[in-house]
Amino acid sequence: MNHATAADGTRLWYDVHGAGDPLLLIHGQSLDHEMWEGVYEDLAEHHRVVRVDLRGSGGSDAPVERAYSMELLAGDALAVLDHLGLGRAHVYGFSMGGKVAQTLASVAPERVGALVLGSTAPGGDNEVERPRHASLALRQASTAQGRELIAPLFYTPGWAAAHPETVTRILPRNPLRAQRRHYEAGLGYDGWDLLPRLRAPTLVVHGEDDELTPVGNAELLAERIPGAELLVLSGVRHGYLHEAAPKATEAALAFLARNPLSAL
């Protein structure tokens, strides 16, 4: 197993696939690197793809003595890049991982090439809130009923029924206290003021029917980040990157190809 070490000694799991411009993949809240199954393989045909498990998830340590924040999680991502000797990388962040990616591009702009922000939001008072039933489902995601509650928020029912293994990968498997730390970090994030200062070329991708992170948030991000591009995919929900494959992956690859590290 591959591990990098954060400044506080937390061990961080990662793996690497493919060759080309580095591309760091950052998973969503209480998920881990397995959420990228079925996606990272296509990305790795053109990029050196690095999947990371943030603290509290997957193969990484899960210290819970201190609060988590997007700054702390962005530091985890930087620790992995440092460990691999990568001075710069493109970054693809999904859901909470998109907030980590925003923070990373803000605190260490020299380390980030282009950004792909999927199913994410700006945080704070300006974020378009999810409906109450989606919040309740998120809080119960690790219970016995979690699969039935979360699956239709990520995917249309027919697609979820045909891809049970993908549904399993988007259910929380990390310790309950670590889940709480991730949840609190998301609640505490407010990127509204940092967004206009981001200089990385940015593609915002979202499912039109997303209720976990309503699509209005994608529109806010695209308006707030200078020069950002917006892709809204019809007929799909929070888990667009699986259900709208290969279209979503091809759009991300085309965007990164237009913004190679050598030109940034």
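## Exercises on a helix face and an aromatic cluster

In this predicted model, the buried residues of helix α11 are A248, T249, A252, L253, F255 and L256.

**Exercise 1.** Work out how the buried residues of α11 are arranged when the helix is seen down its axis, and which residues are exposed on the other side.

*Solution.* Start from the general rule that an α-helix has 3.6 residues a turn, so residues three or four places apart point the same way. For α11, the buried residues fall within an arc of 160 degrees seen down the axis, so they line one face of the helix. On the other side, K247, E250 and A257 are exposed. As a check on the geometry, the twelve residues of α11 (residues 247-258) should span 16 Å at 1.5 Å a residue, and this agrees with the 17 Å between the end C-alpha atoms.

**Exercise 2.** Classify the aromatic pair of F94 and F154, and state which parts of the chain the pair ties together.

*Solution.* The count of aromatic pairs comes to five. In the pair of F94 and F154, the centres are 6.4 Å apart and the planes form an angle of 45 degrees, which makes the pair tilted. Because F94 lies in strand β5 (residues 89-94) and F154 in helix α5 (residues 146-154), the pair ties together parts that are 60 residues apart in sequence. F154 also pairs with Y155, with ring centres 5.7 Å apart and planes at 50 degrees, so that pair is tilted. For burial, the relative accessible area is 1% for F94, 7% for F154 and 0% for Y155, and with the cut-off for buried at under 20%, F94 counts as buried, as do F154 and Y155. Finally, F94, F154, Y155, W159 and Y240 form one aromatic cluster.

Notes. Residues numbered from 1 in each chain as written. Predicted model: local features only at pLDDT ≥ 70, side-chain atom pairs only at ≥ 80, totals over all residues. Heavy atoms only, no water. Helix = DSSP H or I, 4+ residues; strand = E, 2+ residues; numbered from the N terminus. Expected span 1.5 Å × (residues − 1). Buried < 20%, exposed > 50% of the residue type's maximum accessible area, 1.4 Å probe, protein only. Arc of directions from axis to C-beta. Phe/Tyr/Trp six-rings, centres within 6.5 Å; stacked < 30°, edge-to-face > 60°.
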